[in-house]
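Please find below my notes on the two-chain entry you passed along.

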Amino acid sequence: MTEPDNNKHHDEVIASLYQHGSVEQPSDELNKNILNAARKKSDNIIHWPAKKIFKTLLSSHSLAVAAVLVISISVILQIQFDYPEEVILPTAEQQLSKSLSPNSIPKKQNSTDVTSQMSMQPAEEILIESESQAITRDSESTIVHSPVLKAKPSVRKQEMDYKKQQALKHRHYEEIKRESKRRRHEEKKRLSEQQKLRQKQKAEYQRSESQRLSALIDSSPTSSLADNKESMLSHACEKLSNAECLASTNCILEKDNDSLICRQSKNPCEKGFVQITQPKEQCQIKPECEYISSDCHCDEHGCQCADNQPPICKPVFDDEDEDDTD
Amino acid sequence: MVRYQSLKKSGSDNKNMKVNRQQNIDSNTDNTDIISDEDLLTSYCNGDASAFDTLYLQHKDALYRFILRQCNNATNITDEIFQEVWISVINNKQQFRNESKFSTWLYQIARNKLIDNSRKSIVRNENRHDSFEAESMKSNNPEPDTKTQLEKCIELLQALVLQLPDEQKEAFVLKHDTNKSIEDLAVITKTSHETFKSRLRYAMKKLREWLPGECYD
(Lines give C-alpha, C1' and ligand atoms only; values in the text may rest on other atoms or scores of the structure.)
Protein backbone atom coordinates (compact mmCIF):
# COMPACT_ATOMS: atom_id res chain seq x y z
CA MET A 1 0.00 0.00 0.00
CA THR A 2 1.49 3.40 -1.02
CA GLU A 3 1.78 6.38 1.28
CA PRO A 4 -1.21 8.34 -0.11
CA ASP A 5 -3.37 5.24 -0.12
CA ASN A 6 -2.31 4.56 3.42
CA ASN A 7 -3.19 8.09 4.48
CA LYS A 8 -6.55 7.86 2.78
CA HIS A 9 -7.25 4.62 4.57
CA HIS A 10 -6.24 6.12 7.91
CA ASP A 11 -8.41 9.20 7.28
CA GLU A 12 -11.37 6.98 6.61
CA VAL A 13 -10.72 5.08 9.85
CA ILE A 14 -10.42 8.34 11.81
CA ALA A 15 -13.65 9.69 10.28
CA SER A 16 -15.43 6.42 11.09
CA LEU A 17 -14.17 6.38 14.64
CA TYR A 18 -15.09 10.06 15.18
CA GLN A 19 -18.61 9.71 13.77
CA HIS A 20 -19.11 6.51 15.75
CA GLY A 21 -18.31 8.41 18.93
CA SER A 22 -20.32 11.51 18.07
CA VAL A 23 -23.57 10.64 19.72
CA GLU A 24 -23.89 13.57 22.10
CA GLN A 25 -27.17 15.42 22.05
CA PRO A 26 -28.62 18.35 23.96
CA SER A 27 -30.65 17.27 26.94
CA ASP A 28 -34.44 17.13 26.74
CA GLU A 29 -34.67 19.93 29.25
CA LEU A 30 -32.48 22.13 27.09
CA ASN A 31 -34.60 21.31 24.04
CA LYS A 32 -37.72 22.14 25.96
CA ASN A 33 -36.36 25.44 27.18
CA ILE A 34 -35.32 26.57 23.73
CA LEU A 35 -38.54 25.49 22.06
CA ASN A 36 -40.60 27.19 24.75
CA ALA A 37 -38.61 30.38 24.30
CA ALA A 38 -39.26 30.21 20.57
CA ARG A 39 -43.00 29.70 21.13
CA LYS A 40 -43.15 32.61 23.54
CA LYS A 41 -41.45 34.82 21.02
CA SER A 42 -43.83 33.58 18.34
CA ASP A 43 -46.81 34.53 20.52
CA ASN A 44 -45.30 37.94 20.93
CA ILE A 45 -45.04 38.26 17.17
CA ILE A 46 -48.82 38.09 16.89
CA HIS A 47 -49.21 41.05 19.24
CA TRP A 48 -46.21 42.77 17.83
CA PRO A 49 -47.74 45.95 16.37
CA ALA A 50 -49.31 47.08 19.63
CA LYS A 51 -46.18 46.31 21.60
CA LYS A 52 -44.04 47.98 19.00
CA ILE A 53 -46.14 51.12 19.15
CA PHE A 54 -46.01 51.11 22.93
CA LYS A 55 -42.25 50.56 22.93
CA THR A 56 -41.76 53.26 20.34
CA LEU A 57 -43.79 55.65 22.41
CA LEU A 58 -41.78 54.87 25.50
CA SER A 59 -38.32 54.62 24.03
CA SER A 60 -36.65 56.76 21.42
CA HIS A 61 -39.53 59.05 20.50
CA SER A 62 -41.02 59.40 23.95
CA LEU A 63 -39.65 62.88 24.41
CA ALA A 64 -40.89 64.07 21.04
CA VAL A 65 -44.31 62.52 21.64
CA ALA A 66 -44.52 64.14 25.07
CA ALA A 67 -43.59 67.50 23.59
CA VAL A 68 -46.21 67.17 20.87
CA LEU A 69 -48.85 66.26 23.44
CA VAL A 70 -47.98 69.21 25.65
CA ILE A 71 -48.07 71.62 22.70
CA SER A 72 -51.38 70.20 21.47
CA ILE A 73 -53.00 70.51 24.87
CA SER A 74 -51.71 74.05 25.34
CA VAL A 75 -53.03 75.05 21.89
CA ILE A 76 -56.42 73.56 22.69
CA LEU A 77 -56.54 75.36 26.03
CA GLN A 78 -55.51 78.61 24.37
CA ILE A 79 -58.26 78.26 21.77
CA GLN A 80 -60.81 77.50 24.45
CA PHE A 81 -59.59 80.47 26.46
CA ASP A 82 -59.80 82.83 23.46
CA TYR A 83 -63.15 81.50 22.29
CA PRO A 84 -64.99 80.26 25.36
CA GLU A 85 -68.26 79.93 23.44
CA GLU A 86 -68.89 76.79 21.44
CA VAL A 87 -67.14 76.98 18.13
CA ILE A 88 -68.92 76.08 14.94
CA LEU A 89 -66.82 74.17 12.51
CA PRO A 90 -68.78 73.06 9.45
CA THR A 91 -67.75 69.77 7.99
CA ALA A 92 -66.12 69.56 4.59
CA GLU A 93 -69.33 68.14 3.07
CA GLN A 94 -71.38 71.03 4.41
CA GLN A 95 -68.92 73.55 3.06
CA LEU A 96 -68.96 71.87 -0.32
CA SER A 97 -72.74 71.70 -0.43
CA LYS A 98 -72.94 75.36 0.61
CA SER A 99 -70.56 76.44 -2.10
CA LEU A 100 -72.39 74.37 -4.73
CA SER A 101 -75.94 75.29 -3.72
CA PRO A 102 -77.63 77.92 -5.99
CA ASN A 103 -79.14 79.66 -2.95
CA SER A 104 -75.77 80.58 -1.62
CA ILE A 105 -75.73 84.03 -3.28
CA PRO A 106 -79.24 85.11 -2.17
CA LYS A 107 -78.35 83.95 1.32
CA LYS A 108 -75.39 86.29 1.21
CA GLN A 109 -77.64 89.13 0.11
CA ASN A 110 -79.96 88.38 3.00
CA SER A 111 -77.06 88.46 5.32
CA THR A 112 -76.04 91.88 4.01
CA ASP A 113 -79.62 93.11 4.45
CA VAL A 114 -79.52 91.93 8.00
CA THR A 115 -76.23 93.70 8.45
CA SER A 116 -77.64 96.94 7.08
CA GLN A 117 -80.63 96.64 9.39
CA MET A 118 -78.34 95.91 12.27
CA SER A 119 -76.30 99.00 11.59
CA MET A 120 -79.35 101.11 12.46
CA GLN A 121 -79.61 99.53 15.92
CA PRO A 122 -77.55 99.93 19.08
CA ALA A 123 -74.55 97.62 19.37
CA GLU A 124 -75.95 95.61 22.30
CA GLU A 125 -79.04 94.64 20.35
CA ILE A 126 -76.96 93.71 17.37
CA LEU A 127 -74.74 91.49 19.47
CA ILE A 128 -77.75 89.78 20.97
CA GLU A 129 -79.19 89.24 17.51
CA SER A 130 -75.95 87.83 16.16
CA GLU A 131 -75.75 85.43 19.07
CA SER A 132 -79.26 84.25 18.46
CA GLN A 133 -78.42 83.75 14.79
CA ALA A 134 -75.42 81.73 15.82
CA ILE A 135 -77.62 79.58 18.03
CA THR A 136 -80.01 78.94 15.14
CA ARG A 137 -77.06 78.00 12.98
CA ASP A 138 -75.97 75.52 15.65
CA SER A 139 -78.91 73.33 14.81
CA GLU A 140 -77.82 73.17 11.18
CA SER A 141 -74.16 72.62 11.67
CA THR A 142 -71.91 70.54 13.89
CA ILE A 143 -71.01 71.98 17.27
CA VAL A 144 -67.37 71.50 18.05
CA HIS A 145 -65.81 72.50 21.33
CA SER A 146 -62.37 72.72 19.84
CA PRO A 147 -61.42 72.69 16.16
CA VAL A 148 -58.17 70.92 16.90
CA LEU A 149 -59.88 67.99 18.59
CA LYS A 150 -62.12 67.39 15.57
CA ALA A 151 -59.25 67.59 13.17
CA LYS A 152 -59.65 65.20 10.22
CA PRO A 153 -57.95 64.89 6.84
CA SER A 154 -58.70 68.37 5.51
CA VAL A 155 -58.53 69.86 8.94
CA ARG A 156 -55.90 72.46 8.11
CA LYS A 157 -58.00 74.00 5.41
CA GLN A 158 -61.03 73.95 7.67
CA GLU A 159 -59.04 75.57 10.44
CA MET A 160 -57.87 78.30 8.12
CA ASP A 161 -61.43 78.92 6.92
CA TYR A 162 -62.67 78.94 10.44
CA LYS A 163 -60.02 81.43 11.52
CA LYS A 164 -60.88 83.66 8.58
CA GLN A 165 -64.55 83.52 9.49
CA GLN A 166 -63.76 84.37 13.08
CA ALA A 167 -61.60 87.29 12.00
CA LEU A 168 -64.35 88.59 9.73
CA LYS A 169 -66.88 88.22 12.50
CA HIS A 170 -64.66 90.12 14.88
CA ARG A 171 -64.11 92.89 12.38
CA HIS A 172 -67.83 93.08 11.76
CA TYR A 173 -68.58 93.36 15.47
CA GLU A 174 -65.96 96.04 15.87
CA GLU A 175 -67.45 98.03 13.03
CA ILE A 176 -70.88 97.76 14.55
CA LYS A 177 -69.60 98.91 17.92
CA ARG A 178 -67.82 101.86 16.38
CA GLU A 179 -70.96 102.81 14.43
CA SER A 180 -73.07 102.63 17.57
CA LYS A 181 -70.65 104.81 19.48
CA ARG A 182 -70.57 107.34 16.71
CA ARG A 183 -74.37 107.48 16.60
CA ARG A 184 -74.59 107.96 20.34
CA HIS A 185 -72.12 110.83 20.10
CA GLU A 186 -74.10 112.41 17.28
CA GLU A 187 -77.30 112.09 19.29
CA LYS A 188 -75.72 113.90 22.22
CA LYS A 189 -74.46 116.60 19.91
CA ARG A 190 -77.90 116.99 18.36
CA LEU A 191 -79.53 117.29 21.78
CA SER A 192 -77.07 119.93 22.91
CA GLU A 193 -77.64 121.82 19.69
CA GLN A 194 -81.40 121.65 20.22
CA GLN A 195 -80.98 123.00 23.74
CA LYS A 196 -78.86 125.83 22.46
CA LEU A 197 -81.42 126.56 19.76
CA ARG A 198 -84.21 126.62 22.32
CA GLN A 199 -82.28 129.05 24.45
CA LYS A 200 -81.59 131.16 21.43
CA GLN A 201 -85.28 131.10 20.46
CA LYS A 202 -86.21 132.15 23.97
CA ALA A 203 -83.78 135.01 23.87
CA GLU A 204 -85.07 136.01 20.43
CA TYR A 205 -88.61 135.86 21.69
CA GLN A 206 -87.77 138.17 24.55
CA ARG A 207 -85.98 140.54 22.23
CA SER A 208 -88.86 140.55 19.77
CA GLU A 209 -91.27 141.15 22.63
CA SER A 210 -89.42 144.23 23.73
CA GLN A 211 -89.21 145.39 20.12
CA ARG A 212 -92.91 144.88 19.80
CA LEU A 213 -93.50 147.09 22.83
CA SER A 214 -91.33 149.73 21.39
CA ALA A 215 -93.20 149.49 18.15
CA LEU A 216 -96.43 149.66 20.05
CA ILE A 217 -95.26 152.81 21.73
CA ASP A 218 -94.17 154.17 18.38
CA SER A 219 -97.47 153.32 16.73
CA SER A 220 -99.61 154.66 19.54
CA PRO A 221 -102.31 157.28 18.66
CA THR A 222 -100.45 159.85 20.67
CA SER A 223 -97.45 159.63 18.32
CA SER A 224 -99.15 162.18 16.18
CA LEU A 225 -98.28 164.70 18.88
CA ALA A 226 -94.72 165.15 17.76
CA ASP A 227 -94.10 168.28 19.64
CA ASN A 228 -94.94 166.77 22.97
CA LYS A 229 -92.98 163.58 22.92
CA GLU A 230 -92.66 163.26 26.62
CA SER A 231 -96.39 163.34 27.20
CA MET A 232 -96.88 160.89 24.41
CA LEU A 233 -94.46 158.41 25.96
CA SER A 234 -96.03 158.85 29.30
CA HIS A 235 -99.39 158.14 27.81
CA ALA A 236 -98.06 155.06 26.06
CA CYS A 237 -96.56 153.74 29.26
CA GLU A 238 -99.84 154.08 31.04
CA LYS A 239 -101.50 151.88 28.45
CA LEU A 240 -99.06 149.04 28.85
CA SER A 241 -99.83 146.04 30.98
CA ASN A 242 -97.58 145.26 33.93
CA ALA A 243 -95.66 142.63 32.00
CA GLU A 244 -95.21 144.86 29.01
CA CYS A 245 -94.11 147.68 31.25
CA LEU A 246 -91.53 145.47 32.96
CA ALA A 247 -90.15 144.43 29.54
CA SER A 248 -90.11 147.95 28.16
CA THR A 249 -86.90 150.01 27.94
CA ASN A 250 -88.75 153.35 28.11
CA CYS A 251 -91.23 152.61 30.86
CA ILE A 252 -90.82 151.79 34.51
CA LEU A 253 -93.29 149.92 36.65
CA GLU A 254 -93.31 151.22 40.16
CA LYS A 255 -95.30 151.02 43.35
CA ASP A 256 -97.74 153.83 43.96
CA ASN A 257 -99.42 153.35 47.31
CA ASP A 258 -100.79 149.82 47.07
CA SER A 259 -101.02 149.57 43.30
CA LEU A 260 -98.52 149.42 40.46
CA ILE A 261 -98.32 152.05 37.82
CA CYS A 262 -96.39 152.24 34.57
CA ARG A 263 -94.75 155.53 33.90
CA GLN A 264 -92.19 156.97 31.52
CA SER A 265 -88.48 156.58 32.34
CA LYS A 266 -87.29 159.79 33.84
CA ASN A 267 -83.54 159.71 34.31
CA PRO A 268 -80.60 158.07 32.51
CA CYS A 269 -80.61 155.29 35.04
CA GLU A 270 -84.15 154.30 34.19
CA LYS A 271 -83.82 154.76 30.43
CA GLY A 272 -83.00 151.46 28.79
CA PHE A 273 -83.53 149.66 32.10
CA VAL A 274 -85.61 146.53 31.53
CA GLN A 275 -86.93 145.44 34.86
CA ILE A 276 -87.64 141.84 34.01
CA THR A 277 -84.48 140.79 32.10
CA GLN A 278 -81.25 140.91 34.07
CA PRO A 279 -82.05 144.24 35.68
CA LYS A 280 -79.06 144.30 38.00
CA GLU A 281 -76.47 144.07 35.23
CA GLN A 282 -78.31 146.67 33.16
CA CYS A 283 -78.36 149.07 36.06
CA GLN A 284 -74.90 148.63 37.45
CA ILE A 285 -73.28 148.97 34.07
CA LYS A 286 -74.20 152.66 34.20
CA PRO A 287 -72.13 154.88 36.49
CA GLU A 288 -73.76 156.47 39.49
CA CYS A 289 -76.81 154.25 39.27
CA GLU A 290 -78.05 152.20 42.16
CA TYR A 291 -80.03 149.04 41.85
CA ILE A 292 -82.74 148.19 44.30
CA SER A 293 -83.55 144.59 43.83
CA SER A 294 -86.83 142.80 43.80
CA ASP A 295 -87.99 139.60 42.20
CA CYS A 296 -90.81 139.72 39.75
CA HIS A 297 -92.60 136.83 38.10
CA CYS A 298 -94.93 137.19 35.14
CA ASP A 299 -97.40 134.70 33.75
CA GLU A 300 -100.65 134.81 31.78
CA HIS A 301 -102.50 136.21 34.77
CA GLY A 302 -100.16 139.13 35.26
CA CYS A 303 -96.99 140.00 37.17
CA GLN A 304 -96.23 139.58 40.84
CA CYS A 305 -93.27 141.29 42.49
CA ALA A 306 -91.88 140.83 45.95
CA ASP A 307 -93.61 143.28 48.36
CA ASN A 308 -95.40 144.64 45.30
CA GLN A 309 -92.19 146.56 44.54
CA PRO A 310 -90.53 145.98 41.14
CA PRO A 311 -86.76 146.42 40.82
CA ILE A 312 -85.62 150.02 40.37
CA CYS A 313 -82.52 151.61 38.95
CA LYS A 314 -82.08 155.11 40.30
CA PRO A 315 -79.32 157.70 40.57
CA VAL A 316 -77.22 157.29 43.72
CA PHE A 317 -77.53 160.87 44.94
CA ASP A 318 -80.97 161.61 43.64
CA ASP A 319 -82.72 162.12 46.98
CA GLU A 320 -79.88 164.07 48.56
CA ASP A 321 -79.69 166.56 45.70
CA GLU A 322 -83.36 167.12 45.93
CA ASP A 323 -83.01 167.69 49.65
CA ASP A 324 -80.17 170.13 49.10
CA THR A 325 -82.11 172.13 46.56
CA ASP A 326 -85.04 172.19 48.88
CA MET B 1 -7.81 -6.73 9.64
CA VAL B 2 -10.83 -8.52 10.90
CA ARG B 3 -11.03 -6.08 13.72
CA TYR B 4 -10.83 -3.18 11.28
CA GLN B 5 -13.62 -4.76 9.26
CA SER B 6 -15.72 -4.95 12.35
CA LEU B 7 -14.82 -1.35 13.15
CA LYS B 8 -15.66 -0.33 9.62
CA LYS B 9 -18.87 -2.31 9.81
CA SER B 10 -19.81 -0.76 13.12
CA GLY B 11 -18.86 2.64 11.67
CA SER B 12 -21.13 2.08 8.75
CA ASP B 13 -23.82 0.93 11.15
CA ASN B 14 -23.36 4.18 13.01
CA LYS B 15 -23.71 6.07 9.73
CA ASN B 16 -26.86 4.14 8.99
CA MET B 17 -28.12 4.98 12.43
CA LYS B 18 -27.54 8.69 11.70
CA VAL B 19 -29.28 8.43 8.36
CA ASN B 20 -32.19 6.70 10.05
CA ARG B 21 -32.29 9.47 12.65
CA GLN B 22 -32.36 12.05 9.90
CA GLN B 23 -35.09 10.10 8.18
CA ASN B 24 -37.07 10.13 11.38
CA ILE B 25 -36.75 13.91 11.52
CA ASP B 26 -37.75 14.07 7.91
CA SER B 27 -40.75 11.87 8.54
CA ASN B 28 -41.76 14.09 11.43
CA THR B 29 -41.56 17.13 9.18
CA ASP B 30 -42.72 16.01 5.79
CA ASN B 31 -42.03 19.34 4.19
CA THR B 32 -38.35 19.41 5.08
CA ASP B 33 -37.31 18.38 1.57
CA ILE B 34 -39.47 20.99 0.04
CA ILE B 35 -39.16 23.81 2.50
CA SER B 36 -35.65 25.16 2.94
CA ASP B 37 -34.21 26.37 6.21
CA GLU B 38 -34.57 29.93 5.06
CA ASP B 39 -38.28 29.45 4.30
CA LEU B 40 -38.78 27.83 7.68
CA LEU B 41 -37.20 30.82 9.36
CA THR B 42 -39.43 33.15 7.35
CA SER B 43 -42.46 31.15 8.46
CA TYR B 44 -41.32 31.44 12.02
CA CYS B 45 -40.86 35.19 11.60
CA ASN B 46 -44.48 35.29 10.47
CA GLY B 47 -45.61 33.58 13.66
CA ASP B 48 -45.42 29.86 12.78
CA ALA B 49 -43.86 28.26 15.87
CA SER B 50 -43.82 24.77 14.35
CA ALA B 51 -41.43 25.99 11.65
CA PHE B 52 -38.89 26.72 14.33
CA ASP B 53 -39.37 23.25 15.80
CA THR B 54 -38.44 21.72 12.46
CA LEU B 55 -35.46 24.00 12.07
CA TYR B 56 -34.25 23.19 15.56
CA LEU B 57 -34.56 19.45 15.12
CA GLN B 58 -32.53 19.59 11.94
CA HIS B 59 -29.58 21.47 13.38
CA LYS B 60 -29.52 20.85 17.12
CA ASP B 61 -27.33 17.72 17.30
CA ALA B 62 -24.58 18.85 14.96
CA LEU B 63 -24.45 22.27 16.51
CA TYR B 64 -24.38 20.86 20.00
CA ARG B 65 -21.44 18.58 19.17
CA PHE B 66 -19.56 21.41 17.48
CA ILE B 67 -19.90 23.55 20.60
CA LEU B 68 -19.12 20.61 22.86
CA ARG B 69 -15.84 19.89 21.10
CA GLN B 70 -14.88 23.54 21.09
CA CYS B 71 -15.56 23.61 24.83
CA ASN B 72 -13.47 20.50 25.31
CA ASN B 73 -16.51 18.39 26.16
CA ALA B 74 -17.51 20.61 29.08
CA THR B 75 -21.24 20.04 29.02
CA ASN B 76 -22.24 22.80 31.42
CA ILE B 77 -20.59 25.49 29.30
CA THR B 78 -21.80 23.80 26.14
CA ASP B 79 -25.41 23.85 27.34
CA GLU B 80 -25.09 27.49 28.22
CA ILE B 81 -23.59 28.51 24.89
CA PHE B 82 -25.96 26.26 22.93
CA GLN B 83 -28.94 27.92 24.56
CA GLU B 84 -27.48 31.36 24.00
CA VAL B 85 -27.01 30.60 20.31
CA TRP B 86 -30.62 29.59 19.78
CA ILE B 87 -31.95 32.46 21.85
CA SER B 88 -29.87 34.73 19.69
CA VAL B 89 -31.40 33.14 16.59
CA ILE B 90 -34.89 33.67 18.03
CA ASN B 91 -34.25 37.28 18.95
CA ASN B 92 -32.39 38.27 15.81
CA LYS B 93 -34.40 36.32 13.26
CA GLN B 94 -35.47 39.55 11.57
CA GLN B 95 -31.83 40.37 10.86
CA PHE B 96 -31.25 37.22 8.81
CA ARG B 97 -30.93 37.96 5.14
CA ASN B 98 -31.20 35.34 2.46
CA GLU B 99 -27.76 36.25 1.17
CA SER B 100 -26.32 33.21 2.96
CA LYS B 101 -27.61 29.83 4.14
CA PHE B 102 -29.33 29.61 7.49
CA SER B 103 -26.86 26.97 8.69
CA THR B 104 -23.94 29.23 7.84
CA TRP B 105 -25.54 32.04 9.82
CA LEU B 106 -26.26 29.64 12.70
CA TYR B 107 -22.66 28.42 12.94
CA GLN B 108 -21.33 31.94 12.65
CA ILE B 109 -23.42 32.88 15.66
CA ALA B 110 -22.16 29.84 17.54
CA ARG B 111 -18.58 30.62 16.64
CA ASN B 112 -18.96 34.24 17.83
CA LYS B 113 -20.43 33.00 21.10
CA LEU B 114 -17.53 30.64 21.57
CA ILE B 115 -15.04 33.43 20.94
CA ASP B 116 -16.85 35.64 23.45
CA ASN B 117 -16.78 32.84 25.95
CA SER B 118 -13.08 32.18 25.48
CA ARG B 119 -12.40 35.87 26.01
CA LYS B 120 -14.45 35.93 29.16
CA SER B 121 -12.70 33.14 30.95
CA ILE B 122 -9.88 30.73 30.79
CA VAL B 123 -12.13 27.89 31.74
CA ARG B 124 -11.59 26.22 28.43
CA ASN B 125 -7.84 26.16 28.86
CA GLU B 126 -8.20 24.76 32.33
CA ASN B 127 -10.60 22.15 31.08
CA ARG B 128 -8.25 21.32 28.28
CA HIS B 129 -5.38 20.89 30.71
CA ASP B 130 -7.46 18.74 33.05
CA SER B 131 -8.83 16.66 30.27
CA PHE B 132 -5.41 16.32 28.70
CA GLU B 133 -4.03 15.06 31.98
CA ALA B 134 -6.98 12.78 32.43
CA GLU B 135 -6.62 11.39 28.95
CA SER B 136 -2.90 11.05 29.42
CA MET B 137 -3.55 9.15 32.56
CA LYS B 138 -6.05 7.03 30.73
CA SER B 139 -3.63 6.26 27.98
CA ASN B 140 -0.78 5.56 30.38
CA ASN B 141 -2.77 3.46 32.81
CA PRO B 142 -3.90 0.11 31.61
CA GLU B 143 -7.61 0.08 30.86
CA PRO B 144 -9.79 -2.60 32.34
CA ASP B 145 -10.73 -5.23 29.79
CA THR B 146 -14.42 -4.37 30.06
CA LYS B 147 -14.10 -2.00 27.02
CA THR B 148 -13.56 -3.31 23.54
CA GLN B 149 -10.73 -2.15 21.37
CA LEU B 150 -13.20 -0.15 19.25
CA GLU B 151 -14.53 1.74 22.23
CA LYS B 152 -11.04 2.44 23.40
CA CYS B 153 -10.05 3.80 19.98
CA ILE B 154 -13.14 6.01 19.85
CA GLU B 155 -12.41 7.46 23.29
CA LEU B 156 -8.79 7.95 22.41
CA LEU B 157 -9.65 9.73 19.17
CA GLN B 158 -12.02 12.08 20.98
CA ALA B 159 -9.31 12.90 23.46
CA LEU B 160 -6.81 13.44 20.66
CA VAL B 161 -9.18 15.78 18.83
CA LEU B 162 -9.31 17.94 21.91
CA GLN B 163 -5.53 18.21 21.85
CA LEU B 164 -5.53 19.75 18.42
CA PRO B 165 -4.91 23.50 18.10
CA ASP B 166 -8.20 25.45 18.20
CA GLU B 167 -8.30 26.33 14.50
CA GLN B 168 -7.48 22.77 13.39
CA LYS B 169 -9.92 21.30 15.87
CA GLU B 170 -12.60 23.65 14.63
CA ALA B 171 -11.91 22.66 11.03
CA PHE B 172 -11.96 18.94 11.87
CA VAL B 173 -15.17 19.10 13.94
CA LEU B 174 -16.99 21.23 11.39
CA LYS B 175 -15.99 18.94 8.57
CA HIS B 176 -17.04 15.72 10.31
CA ASP B 177 -20.11 16.92 12.23
CA THR B 178 -21.85 19.16 9.72
CA ASN B 179 -21.15 17.39 6.43
CA LYS B 180 -20.95 20.77 4.75
CA SER B 181 -18.83 21.68 1.76
CA ILE B 182 -15.39 23.22 2.21
CA GLU B 183 -16.71 26.46 0.70
CA ASP B 184 -19.48 26.80 3.29
CA LEU B 185 -17.14 25.92 6.13
CA ALA B 186 -14.65 28.53 4.93
CA VAL B 187 -17.46 31.11 5.10
CA ILE B 188 -18.37 30.03 8.63
CA THR B 189 -14.79 30.30 9.84
CA LYS B 190 -14.30 33.53 7.87
CA THR B 191 -11.25 32.15 6.11
CA SER B 192 -10.37 31.34 2.57
CA HIS B 193 -11.10 28.03 1.01
CA GLU B 194 -7.40 27.11 0.89
CA THR B 195 -6.77 28.09 4.50
CA PHE B 196 -9.57 25.92 5.72
CA LYS B 197 -8.33 22.98 3.65
CA SER B 198 -4.84 23.47 5.03
CA ARG B 199 -6.09 23.51 8.63
CA LEU B 200 -8.05 20.35 8.01
CA ARG B 201 -5.05 18.66 6.41
CA TYR B 202 -2.84 19.48 9.37
CA ALA B 203 -5.46 18.22 11.79
CA MET B 204 -5.75 14.92 9.97
CA LYS B 205 -2.02 14.54 9.80
CA LYS B 206 -1.66 14.97 13.55
CA LEU B 207 -4.47 12.59 14.30
CA ARG B 208 -2.95 9.99 11.99
CA GLU B 209 0.33 10.32 13.84
CA TRP B 210 -1.21 10.30 17.33
CA LEU B 211 -3.68 7.49 16.87
CA PRO B 212 -1.99 4.15 17.63
CA GLY B 213 -1.60 1.69 14.83
CA GLU B 214 -3.80 -0.92 16.49
CA CYS B 215 -6.82 1.33 15.88
CA TYR B 216 -6.21 1.07 12.10
CA ASP B 217 -6.14 -2.68 12.14
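Predicted model: local features only at pLDDT ≥ 70, side-chain atom pairs only at ≥ 80, totals over all residues.

1. Residues are numbered from 1 along each chain as its sequence is written, and side-chain values use heavy atoms, with hydrogens and water left out.

2. Chain B and chain A bury about 3,600 Å² between them, 65% of it on carbon and sulfur atoms, where buried area is the accessible area (1.4 Å probe) lost on being put together, summed over both parts. The contact (heavy atoms within 4.5 Å) takes 49 residues from chain B and 29 residues from chain A.

3. Between the chains there are 3 salt bridges, each a side-chain nitrogen of Lys or Arg within 4 Å of a carboxyl oxygen of Asp or Glu. The side chains of R208(B) and D11(A) form a salt bridge, at 2.6 Å from N to O.

4. The largest nonpolar core has 60 residues, such a core being a set of buried Ala, Val, Leu, Ile, Met, Phe, Trp, Tyr and Cys residues joined through side-chain atoms within 4.5 Å, with buried meaning under 20% relative accessible area (1.4 Å probe, protein chains only). Helix α3 of chain B (residues 49-70; a DSSP run of H or I, at least four residues) contributes the most to this core, with 10 residues.

5. Leaving aside neighbours within four places in sequence, L63(B) is in contact with F82(B), V85(B), W86(B), L106(B), Y107(B) and A110(B).

Technical notes
Chains lettered and ligands numbered in written order. Buried < 20%, exposed > 50% of the residue type's maximum accessible area, 1.4 Å probe, protein only. Helix = DSSP H or I, 4+ residues; strand = E, 2+ residues; numbered from the N terminus. Buried area = accessible area lost by both parts, 1.4 Å probe.
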